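Please keep the view open as you read.

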Amino acid sequence: MSYLLLIAILVVATLLGYRVISEVPSLLHTPLMSGMNALSGITVVGALLAAAGAITTGRRFLGFLAIVFATINVVAGFLVTHRMLKMFRSGGGSE
Amino acid sequence: MNYLLLCFAALMLYGIKLMSSPKTAVLGNALGAGAMLAAIAVALLEAGILTYPLLWAGLGVGTALGWVAAVKVLMIQMPQMVAALNGLGGGASALVGLVLALQGEAVGAFAHFTTGLTIAVGALTFGGSALAAAKLHGVVSQRPQELPRHAAVVTVVTVLSLASLFFAGRTAAFVQLILALVFGVLLTMRVGGADMPITISLLNSLSGVAGAIAGFPLKNPLLVAVGGIVGASGFILTQIMCRAMNRSLLSILTGRTTVTGTPSRESGLEAPTQAASACQWEQALAEAERVAIIPGYGMAVAQAQLQVKELIDLLEAGHKEVKVGIHPVAGRMPGHMNVLLAEVDVPYEKLHDMEAINEFLPGADLAIVVGANDVVNPAAMAQPGTPIYGMPIIRADLAKHVMVLNYDTQPGYAGVPNSLYEEPHVSLLLGDAKETLEKVLGFLRQPQKEVAGGRPSAEAGKFLSQAEQVIIVPGYGMALAAAQHQVRELVDVLQGRGIQVKIGIHPVAGRMPGHMNVLLAEVDIPYDMLYTLDEINPEFSSTDVVLVVGANDVVNPAAQTAEGTPIYGMPILSVSDARHVVVCNLDRSPGYAGVPNALYNMPHCLFVEGDASQTLREIISVLTEQG
């Protein structure tokens with residue numbers, strides 16, 4: 001995939017993200033942020049590739065650390081968001 | 001394959017779209033998690049690295065740590081949790097960049113440059129977030145810290161960082177890493193507690209940006225797309241926070257907006273004001289009908305959210321309209337107050353943003369400020385030249401009366417004395433918010449009894465006078481008090497005002513079948529006004545006021561829920577469906593079946609204690625006095 005195409009993807013994703021996220025009410029801003037924490041853990045994909053390709057022990061360790069960091073982000077991010085979202089209840093008592 | 005990856009990104013975006021409403025947000029989050037899992041699986045499969053134990057070890061350790069952290073973290077620790085996760089995201093990207101640089105596989109200037117940039121942005125995010133998390137956790141002082149010649153140091157580090165990006169190789173990678181770490185720390189050092197919402201949002205954005213840039217040397221469109229989305233999200237939040245504090249990002253990062261010294265003019269203000277207003281707030285509280293509650297970071301510090309929840313409940317039990325107004329930057333991160341209040345089960349419909357609460361406040365009788373300072377400081381509108389001038393505030397000062405439950409009268413974070421404290425319609429209740437709220441709650445808990453002579457019946461009269469449809473539910477208590485005459489009188493008064501009145505009779509109300517019908521017929525109430533259980537039950541939901549006169553078990557909602565009690569399963573008159581329920585019973589003790597009446601504790605239930613003929617007379621006189 002060419003760099004130009006990647007730059008185009010970055011621009012489009014950012015603009016789409018901007019539009020969609022603008023609609024999230026301030027009520028949910030904290031869960032939104034922790035949800036974004038989880039998504040920023042997407043780096044785990046890069047970490048897996050980098051760690052798999054590492055050839056020295058030192059680099060492997062750095063790759064391992066990257067996987068751990070990113071996985072914490074993914075798991076804790078989604079879980080904590082879930083915990084928070086579950087707390088928001090309607091006054092109607094439904095659900 | 002790349003298209004598949006972009007589909008995952010689209011799924012995550014759709015998940016975020018579902019976050020626009022609390023009803024669908026849980027699903028949206030689950031969707032994002034599912035897409036992430038699929039993305040990881042595809043990455044492992046595609047690269048044929050499924051069998052590397054090192055990778056599984058990393059995933060396992062990360063999952064375990066993340067899981068424990070997410071389950072253990074308390075809601076009040078959410079700001080530092082988010083800050084820490086920002087840092088880990090950035091740190092992971094920086095490490096990816098570092099491994100790539102050390103491997104030296106990148107080809108071409110663009111790949112070298114983006115690898116370096118990944119390291120720099122990631123490390124900056126990590127350094128900044130680590131310090132932010134430490135500040136929020138209280139490990140490090142929340143005050144802004146400065147090095148000697150801070151600005152000069154920052155400039156030098158910035159220039160060196162930027163310059164280092166144009167070098168490639170192993171040494172350059174470590175230099176980039178260390179410079180960026182230092183830069184992140186230098187940046188966050190100068191940011192103090194109340195400016196944290198902006199800083200956290202910015203770091204949130206940067207953690208995404210770092211991931212997006214890491215996608216370039218890896219040529220991975222998923223990283224680029226999702227990183228871009230996260231970057232945009234953090235950017236939006238940063239913008240919103242800046243607007244809400246009326247500050248520019250640059251001024252926050254350069255520590256220019258906060259006054260660090262403690263101005264020394266507040267002494268002598270506390271004692272007299274507090275003494276003078278001690279009696280004011282009680283009256284204001286008792287009389288208020290429209291109440292706004294404005295929480296701030298002080299509520300979080302005192303962990304007084306449970307007390308705030310009880311305050312809302314008690315006020316609503318007294319039939320007051322209560323709204324909670326939340327300033328965008330109240331607390332330490334976007335939505336901080338919302339999360340704390342959601343945790344204690346305050347329904348989100350009660351939480352209003354600044355615009356909505358500012359429309360409510362001019363007509364409000366009472367504003368209760370709980371641990372909020374700068375965000376309600378009218379000086380933001382009146383005193384040009386102060387750091388908060390121009391910042392949009394919640395206009396607590398517009399309410400008829402204001403109760404301020406703050407720790408002290410020190411200026412808030414911005415260092416500008418709060419001119420609200422000096423206004424005549426303001427009562428200051430100083431001290432730990434938890435304790436002062438308990439004082440207020442104590443007052444609210446006892447008034448029913450104290451003012452029993454007049455107030456509840458006056459309140460009941462008011463509800464009745466405003467009603468269009470009223471249902472009266474008599475019980476054995478009416479017979480005991482011989483209150484049927486007053487019921488008759490009340491029916492006449494209400495009908496004279498054009499109010500539709502029906503009477504609902506439970507089959508077992510009283511001591512014999514048809515007991516109530518007989519008593520009411522005795523006082524010449526036409527029988528076509530009397531309705532049976534099945535006839536009247538659908539009507540309650542469209543009824544404004546239900547007046548219960550001496551009935552207990554037959555209106556006890558516990559009959560539907562309290563298994564094992566004698567009344568469980570008994571059909572009841574579903575009076576709680578009505579908008580208001582007024583109960584004229586002798587006392588709150590359980591009825592014949594010995595099961596406490598759950599109705600009495602419902603927020604829309606007004607209890608008028610006493611002999612029914614007496615309390616009905618009072619209600620009637622309230623109605624007739626009104627003309």
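Buried area is the accessible area (1.4 Å probe) that two parts lose on being put together, summed over both. Between chain B and chain A about 8,000 Å² is buried, and carbon and sulfur atoms give 78% of that. This is a predicted model, in which local features need pLDDT of at least 70 and side-chain atom pairs pLDDT 80 or more, while totals for chains, interfaces and linings use all residues. Residues are numbered from 1 along each chain as written, chains are lettered from A in the order written, and side-chain values use heavy atoms without hydrogens or water.

Across the interface, 106 residues of chain B are in contact (heavy atoms within 4.5 Å) with 78 residues of chain A. Salt bridges (a Lys or Arg side-chain nitrogen within 4 Å of an Asp or Glu carboxyl oxygen) number zero between chain B and chain A.

| Pair | Angle | Axis distance |
|---|---|---|
| H4(A), residues 57-87, and H4(B), residues 78-103 | about 150° | 8 Å |
| H1(B), residues 2-17, and H2(B), residues 22-46 | about 165° | 7 Å |

Because of its angle, the pair H4(A) and H4(B) is roughly antiparallel (over 145 degrees). The H4(A) contact with H4(B) has 19 nonpolar, six polar and one charged residues (Ala, Val, Leu, Ile, Met, Phe, Trp, Tyr, Cys and Pro count as nonpolar, Asp, Glu, Lys and Arg as charged, the others as polar).

Within chain B, H1(B) and H2(B) are roughly antiparallel as well. Their contact includes B:Leu4 and B:Phe8 of H1(B) and B:Gly28 and B:Leu31 of H2(B). By class, the contact of H1(B) with H2(B) has twelve nonpolar, three polar and no charged residues.

Technical notes: Axes are lines fitted to C-alpha atoms, for helices over the stretch in contact, and angles run from 0 to 180 degrees between N-to-C directions. Helices (H or I, at least four residues) and strands (E, at least two) are DSSP runs, numbered from the N terminus. Angles under 35 degrees count as roughly parallel, over 145 as roughly antiparallel, 65 to 115 as roughly perpendicular and the rest as oblique.
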